[in-house]
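Let's take a walk through this protein, piece by piece.

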2 protein chains.
Amino acid sequence: MKPYAEMTMEELEGLEKELRAEYKKIQARGLELNMSRGKPCTEQLDLSMGMMDVLSSEMDLLCEDGTDCRNYGVLDGIPEALELIGDMMEVQYDHLIIYGNSSLNVMYDQISRSYSHGVMGNTPWCKLDKVKFICIVPGYDRHFRITEYFGIENVCVPMLETGPDMDMIEKLVSEDESIKGIWCTPKYSNPTGNSYSDETVRRFARLEPAAKDFRIYWDNAYTIHHLYDHAQDHLIEILAECKRAGNPDLVYKFASTSKVSFPGSGLAALASSLNNLEDIRRQLQVQTIGHDKVNQLRHVRFFGNIHGMVEHMRRHADILRPKFEAVEEILEEELGGLGIARWTKPKGGYFISFDTMDGCAKEVVRKCAKAGVIMTPAGATYPGGHDPHDSNIRIAPSFPPLEDLKTAARLLALATKLAAAQKLLKEKQQEAAGAGN
Amino acid sequence: MKPYAEMTMEELEGLEKELRAEYKKIQARGLELNMSRGKPCTEQLDLSMGMMDVLSSEMDLLCEDGTDCRNYGVLDGIPEALELIGDMMEVQYDHLIIYGNSSLNVMYDQISRSYSHGVMGNTPWCKLDKVKFICIVPGYDRHFRITEYFGIENVCVPMLETGPDMDMIEKLVSEDESIKGIWCTPKYSNPTGNSYSDETVRRFARLEPAAKDFRIYWDNAYTIHHLYDHAQDHLIEILAECKRAGNPDLVYKFASTSKVSFPGSGLAALASSLNNLEDIRRQLQVQTIGHDKVNQLRHVRFFGNIHGMVEHMRRHADILRPKFEAVEEILEEELGGLGIARWTKPKGGYFISFDTMDGCAKEVVRKCAKAGVIMTPAGATYPGGHDPHDSNIRIAPSFPPLEDLKTAARLLALATKLAAAQKLLKEKQQEAAGAGN
């Protein structure tokens, strides 16, 4: 089929009618599918069931330094968990703190502390008239919501092939003292799935922010979440790069095992410079006596070490890879060459970013919903839910079973074609009406 | 032996010499004991080892409504855990939220949210010139530290036999709009061990605060932590009493299983009115996707129900009771009738409150430390660590083995006697010198 844009009005009319009939047929099937969130599927969760067996009443729950994991204390985390998570995050073991079950919570707490108490002795943000954060778009809705919740102005910077537009970021950050941070998912980014290039990371580490309390919020959520064994993205480690660049305190790095072991029952962590960690501990020791050490021990005993964790992630990949590939194949088959959609082909992470023609995303998501397939709301990848092009849709292929996913992907493609045909047809009709006057 | 205050200078000189010799002997033993924190002992922790066996890879981890506990979601907690913890807290199951592992963290987050965003639409505390909190003294140092950390002025109100001085509280709260809350441990209070009388609870529920955003922070940390089967304190349930009094939104109630299952690996929860919970959820859903549901399920499967939990607490009591009684006996034996110390005899909780003569507590703790026994720092039970009488010491009998505890209690008594004798002797000497002028 030829690109829609090259079609005549008559061709579009015929096409629209045909697509509408096809859509009605799918609608009649009464689907109930959900592609809205990056949730692991049941088979992935099953991979970690061994975690339920590694601790038992027959063994002690002492960690290697002799501490009883069952009692109070240990703010930073037990040594063997610091080693495992440090290896996962590619940082030195004394440069991280292990928190509770949610890295989102760790990020929230960082923003909250900066708001109430300031960063390293700088003015608390609540005492400032204006605080801004850079949001790379499309990006992760839950990041944007945290800064929004604190009344922080989210400033959008577009994502490019190589990572965010660094020219814009360098300019913004160096000129505007009210910009206090930037949200990043640098590897297998949410939702675009691409990773920051070496040059991008180097430029991040060399930022010269006007604000002394500017920090990069480096959410390395998909650090070991590859889809392929031999085609993995590799990121320059940001803490080390910042140190080399003479900016050791510039970054907070986040990660969790939410998509390694169990979401909601994993370990989250923050890595940073010793100065930043000292600043953070001043607050943390008021907030809690310590996090769940038994769960830390459980993770260490289950994974053994980073090699065990990497092998475990290969099993995740074996489940996820066919799902990503199925979606990509169907999109290519259905939409390739039509000039009405683009999508990414990530080598890891949890998302495919899908772009309709401008002004069609909301309509496509609506059409999917009316046929029983819930997508992430259009616009969700932009602060305030506002996508200025109304084109971006985040596809989360992980959760539905493969066959359901294929059905959903076909529906998405159909909805995209129908919305595009209707939009183009309307334009042609308006044109024709205009010419007739 | 007669009361020290009735002794002559000569008698005191002889006594002081004798006590000093005895102290040197103990010092030479090189003790290394810790009575500083309310930590369960190893035998107590062993009681919960069955928790490590109740979940296994052979079973599903679905909760009763079919939700897979291994995946994301469920902000409030799984239904069966809400029932168990609701029963523990004596509140309806829809009136609580289960959090992570630390009730301290829940309290911190409440203060933090009130500071940054305000309570139910009222002005955020960070925008106010002055915010005050009432602290009942002696009380829990970690409570005081949270409000201190947020620059809130801690206002002291003394603890009486029946609970805090309600005349003072009623006056303060009704006259001063800057007073936004009060820290309470109403049952087996930390450190006094007594519980609020029915009248005290009724008066709490009928407070008429000048500040609309005033809340009672009701930390029911020892709700089922009795030492005796047949001599238990019972508290009027505060949420229900507030509702009856027409003040349904007046209280946040906190509890955890830290001293039921494992400290650091338990469940913490907040109970309140539906209005307050709605206000809280607006923040919570920005902060996290959900807490550790697998651990919630583990608790439910281990305890079964509230009866199982109560039986479990009887086993805790069997371990703790002899420790409390040993300390009380030794103190009575060593200090009874001397007029130089008072102490409480709690029927539950984790602490005995011990009062030396005015001006002696710091010296007693110092003397204990120099003989190898670490006590909670004198003054810790007052905001800022400042006990105006320098008399209160918190005794935490739970952690040391019984024999060690006895040794430590004898040392504490000896240090108390020595400090008192030295203080009185000095006074007599100064008196004599004054009379000679």
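**A loop to start from**

Glu90(A) is found in the loop between helix H3 (79–89) and strand E2 (96–98) of chain A; helices (H or I, at least four residues) and strands (E, at least two) are DSSP runs, numbered from the N terminus. Before going on, know that this is a predicted model, where local features need pLDDT of at least 70, side-chain atom pairs count only at pLDDT 80 or more, and totals for chains, interfaces and linings use all residues. Residues are numbered from 1 along each chain as its sequence is written, while chains are lettered from A and ligands numbered from 1 in the order in which they are written.

Phi of Glu90(A) is near 60 degrees, a positive value in a residue other than glycine. Most residues other than glycine have a negative phi, and most peptide bonds are trans. A residue is called buried if 20 or more other C-beta atoms lie within 10 Å of its own, exposed if 12 or fewer, and partly exposed in between, with C-beta atoms placed from the backbone.

Asp390(A) is another non-glycine with a positive phi, of about 45 degrees. You'll find Asp390(A) in the loop between strand E12 (373–375) and E13 of chain A. Asp390(A) counts as partly exposed because it has 19 C-beta neighbours inside 10 Å.

The one from Asn190(A) to Pro191(A) is cis, with omega near 5 degrees, and Pro191(A) sits in the loop between strand E6 (179–184) and helix H7 (198–205) of chain A. In chain B, a cis peptide bond joins Asn190(B) and Pro191(B), with omega about 5 degrees.

Next, a sheet. E10-E11-E13 is the strand order of an open, antiparallel sheet of 3 strands in chain A; two strands pair if DSSP finds at least two bridges between them. Strand E10 (341–343) and E13 of chain A are at the edges with a single partner strand each, so one side of each has no neighbour in the sheet. On average, neighbouring strands here are turned by 20 degrees against each other, direction ignored. Helix H12 (residues 361–370) of chain A packs on this sheet, touching E11 and E13 of chain A, and its direction makes about 40 degrees with that of E13(A). Such axes are lines fitted to C-alpha atoms, for helices over the stretch in contact, and angles run from 0 to 180 degrees between N-to-C directions.

Zoom out a bit. Chain A is assigned domain 1 (4–44 + 310–429) and domain 2 (63–304), with bounds from an automatic or database domain assignment. Their contact takes 26 residues from domain 1 of chain A and 29 residues from domain 2 of chain A; two residues are in contact if their C-beta atoms, placed from the backbone, lie within 7 Å. On the domain 1 side of chain A that touches domain 2 of chain A, H11(A) gives the most, with 8 residues.

Finally, where do the chains meet? The contact takes 42 residues from chain A and 42 residues from chain B. Helices H4 (103–117), H5 (141–149), H9 (274–287) and H10 (293–303) of chain A each give two or more residues to the side of chain A that touches chain B, and H4(A) gives the most, with 6 residues.
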